[in-house]
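Thanks for coming. I will take one chain this morning and go through it piece by piece. Please have the model open while I talk.

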Amino acid sequence: MAQQAKFVGLDVGGTTMKSAVVTDDGRPLSAPVVMDTNPERGQDEGLETMCETIRRAVAAANLTMNDVAAIGVATPGLMDIKAGLILDPPNLKPWKNVPVREHVARCFGKPTAYQNDANAAAYGEFWVGAASEAKSMVLFTLGTGVGGGIIIDDAIIEGEHSHGGELGHMRIAMPDTGRQCGCGARGCLEAYASATNVVRRAREDMAHWRGAPSKLRDYYTANDDEFTAKVIFRHAAEGDELALKVVDDTAYYLALGASAVIATVDPEVIVFGGGMVAAGEWFRSKIDVYVKRFGLPFPTRSVKIAFASLGSDAGFIGAAGCARLLVQKKA
Ligand SMILES: [Zn+2]
């Protein structure tokens, strides 16, 4: 019997990087090896840590590099995907113009794929996660920001400037009156629906709240330092009216973004991933209700709204999937 091909996926983040060997059918062979990124120590050390994380992942799977067909590396933007370069991402300071793909390829002598981290996570969900049955999908990842990825058949939409699928910066409100976004513009989806901005909106709503007594407001008064999106969602699940309003608005804004994407690429599935999806089915169905209200009727009728299923493993699994794409297709 021919041996199944194996791929290494590496997901580089601002705090840690994670890697594991993944089989041809998308199964990690071990828990991911996690190492600190320490971007402040400079990019040469960063590149060496990437190679070391990969080496340890191969060892953790009881394999040698000879067993590995290809490697996939995912990093946060700004980046030049085609050139294989990290440019100068805000959460990897002070790195600048880092030749990631070339370095890793040279280090191991293997075909090496390079991808944006949100695109890689989207590919992971497309390959073996929430959209594994689909031919096209769009991912929204909800965290400090709002990331995104678009996959049509086996193609990741990278765009001309490596900014395809930056769904957090879709405009959902007017550029003069919308909320301020971290990118410098106003009215971006991220300015409404990232975890950080859910907290900001909750603080504002609280200041004007005239509804039922709110345990969320009591919690906020006592624990301002630990007032997170998670806390807000937990209170909403317990029926707190103020928290429910904040969560309902979040679903509304996400659905505005999702309906814009339906009109743009008409995907089969829209997947939401990241911390907030821990809220569960009731949050998914809220998004679904608003999407059905706002979306272009014909494609929206059958679009599926799903939650991600790979959790924080989606990045390295998707990176391995991108490595696999260098040699073969999804099915
Ligand atoms: Zn923006």
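**Histidine 235 and its surroundings**

Histidine 235 has 24 C-beta neighbours inside 10 Å, so it counts as buried. The scale is this: a residue is buried if 20 or more other C-beta atoms lie within 10 Å of its own, exposed if 12 or fewer, and partly exposed in between, with C-beta atoms placed from the backbone.

Two notes on the source before I go on. What you see is a predicted model, in which local features need pLDDT of at least 70 and side-chain atom pairs count only at pLDDT 80 or more, while totals for chains, interfaces and linings use all residues. Residues are numbered from 1 along each chain as its sequence is written.

Histidine 235 belongs to helix H7, residues 229-237. Helices (H or I, at least four residues) and strands (E, at least two) are DSSP runs, numbered from the N terminus. Setting aside neighbours within four places in sequence, histidine 235 is in contact with Lys215, Leu216, Tyr219, Asp240 and Ala243. Contact here means that the C-beta atoms of two residues, placed from the backbone, lie within 7 Å. Aspartate 36 is 199 residues away from histidine 235 along the chain, and their C-alpha atoms are separated by 33 Å.

**Domains and core**

How is the chain divided into domains? The assignment gives domain 1 (6-126 + 313-325) and domain 2 (134-308); such bounds come from an automatic or database domain assignment. The centres of the two domains, taken over C-alpha atoms, are 28 Å apart. Domain 1 puts 15 residues into the contact and domain 2 puts in 16.

On the domain 1 side, strand E5 (79-80), strand E7 (112-116), helix H3 (117-128) and helix H11 (314-325) each supply at least two residues. H3 gives the most to that side, with seven residues. By class, the side of domain 1 that touches domain 2 has nine nonpolar, four polar and two charged residues. For this count, Ala, Val, Leu, Ile, Met, Phe, Trp, Tyr, Cys and Pro are nonpolar, Asp, Glu, Lys and Arg are charged, and the others, Gly among them, are polar.

Now the largest nonpolar core, which has 103 residues; Val8, Val73, Ile232 and Val271 touch the most other members. A nonpolar core is a set of buried Ala, Val, Leu, Ile, Met, Phe, Trp, Tyr and Cys residues joined through C-beta atoms within 7 Å. Helix H8 (residues 241-265) gives the most to this core, with 13 residues. Both domain 1 and domain 2 give residues to the core, so it lies between them. As for isoleucine 232, its contacts beyond four places in sequence are Val198, Val199, Ala202, Leu216, Ala243, Val246 and Val247.

**The five-stranded sheet**

Next, an open sheet of five strands, in the order E10-E9-E8-E11-E12, with mixed pairing. Strand E10 (155-156) and strand E12 (304-307) are at the edges with a single partner strand each, so one side of each has no neighbour in the sheet. Two strands pair if DSSP finds at least two bridges between them.

E8 and E9 run antiparallel and are joined by seven bridges. They form a hairpin with three residues between them. In that pair, valine 138 stands opposite isoleucine 150 in E9. Strand E9 (residues 146-152) also pairs with E10, in the antiparallel sense, over two bridges, and there isoleucine 151 stands opposite isoleucine 156 in E10.

Is E9 enclosed or open? Six of its seven residues are buried, so E9 is largely enclosed by the rest of the structure. H8 lies across strand E8 (136-142), E9 and strand E11 (269-274), running at about 155° to E8. Axes are lines fitted to C-alpha atoms, for helices over the stretch in contact, and angles run from 0 to 180 degrees between N-to-C directions.

**Backbone exceptions**

Most residues other than glycine have a negative phi, and most peptide bonds are trans. Which places depart from this? Aspartate 153, in the loop between E9 and E10, has a positive phi near 50°. With 9 C-beta neighbours inside 10 Å, aspartate 153 counts as exposed. Aspartate 266, in the loop between H8 and E11, also has a positive phi of about 50°. Aspartate 266 counts as partly exposed, with 15 C-beta neighbours inside 10 Å.

The peptide bond from glycine 77 to leucine 78 is cis, with omega near 10°, and leucine 78 lies in the loop between strand E4 (68-75) and E5. The bond from lysine 93 to proline 94 is cis too, with omega near 5°.
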